[in-house]
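Open the model in your viewer and keep the selection panel at hand. This tour goes one stop at a time.

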Amino acid sequence: MSTPLKQQGFSLLELTLVIIAIGILISATSVGSNLQRSASYQKLASSFVRAWELAYLAHFNGTGIVIRDSSTTPTTKVNQGGAAVCDTELRTAMMAAGVQMPNGRANGYETHYSYLDSNGNPQDSSVCFQNVSWTVNGAAPGVYVQQLKNVMIIDRLTPDLARMLDSMIDGSSDASFGSFRQSTIAAAASPVAAEWSKDNTWQYGSGAATNPPLDESQVDVVTAYWLMNP
């Protein structure tokens with residue numbers, strides 16, 4: 001008569017070690033993903049956003065006027081104060097001035113840049129230039145006035161990317177002060193220190209944060225203005 005085999009199970013110690021190992025692997029994957037995303041954001045900042053600032057300055061230094069201003073009666077306003085200069089119109093202006101543009105997304109799409117958000121979904125940011133209303137300090141402390149200024153418009157930025165760019169350019173993240181601002185409050189009549197209006201828990205197009213956050217959803221985006229000189 002055969003003796004039945006005794007079923008072997010896992011001890012509590014073994015199960016604990018397995019759980020710890022799984023936790024370490026998940027943590028390492030998350031850290032690696034964050035580092036990879038940070039490197040991607042840094043590349044976007046240097047090879048796209050900063051590079052377009054240099055292209056703007058090269059246009060002004062080479063032609064003596066800002067983008068699409070009048071060469072006979074300069075106004076120092078982008079497009080003489082008209083609509084934003086984007087995409088083909090911007091590329092044409094740069095090529096006419098002999099200015100080398102950033103590589104961007106691809107040939108013919110130099111004004112666009114693709115990246116992945118914190119959920120791994122694709123985002124497509126683009127730049128334009130425009131003369132817009134901008135809040136500046138008035139004659140007395142606490143008094144503000146609005147003036148027309150030339151800005152780079154950077155759209156479709158995820159909130160964490162906007163905050164990173166703000167910190168890089170201004171030294172701190174504040175959506176309403178400094179030379180890098182959220183477009184919706186760049187010309188506030190009575191500005192106060194403000195956070196960027198969204199964070200990465202906002203689902204694209206939802207208009208609000210999702211609770212609980214959906215880690216597979218495309219992250220919502222904001223538009224930033226970066227003050228140019230001139």
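How many disulfides does the structure hold? The answer is one. Keep in mind that this is a predicted model.

**Stop 1: the disulfide.** Select cysteine 86 and cysteine 128. A disulfide joins these residues, with an S to S distance of 2.1 Å. Now look along the S-S bond. The torsion about the bond between cysteine 86 and cysteine 128 is about 120°, so the disulfide is right-handed.

**Stop 2: the surface.** Is cysteine 128 buried or exposed? Cysteine 128 has a relative accessible area of 11%, and buried means under 20%. Cysteine 86 has 22% relative accessibility and therefore counts as partly exposed.

**Stop 3: from strand 3 to strand 4.** Select residues 144-157, which are strand 4. Strand 4 pairs with strand 3 in the antiparallel sense, over twelve bridges. For one of the contacts, pick valine 132: its bridge partner in strand 4 is lysine 149. Then move to the turn. Strands 3 and 4 form a hairpin with six residues between them. Glycine 142 lies in that turn, with a positive phi of about 80°.

**Stop 4: on to strand 6.** Select residues 222-227, which are strand 6. Strand 6 and strand 4 are also antiparallel, paired over five bridges. Which residue in strand 6 is the bridge partner of methionine 152? Select tryptophan 226 to see that partner.

How values were computed: Residues numbered from 1 in each chain as written. Predicted model: local features only at pLDDT ≥ 70, side-chain atom pairs only at ≥ 80, totals over all residues. Heavy atoms only, no water. Disulfide = S-S within 2.5 Å. Buried < 20%, exposed > 50% of the residue type's maximum accessible area, 1.4 Å probe, protein only. Pairing = 2+ DSSP bridges. Helix = DSSP H or I, 4+ residues; strand = E, 2+ residues; numbered from the N terminus.
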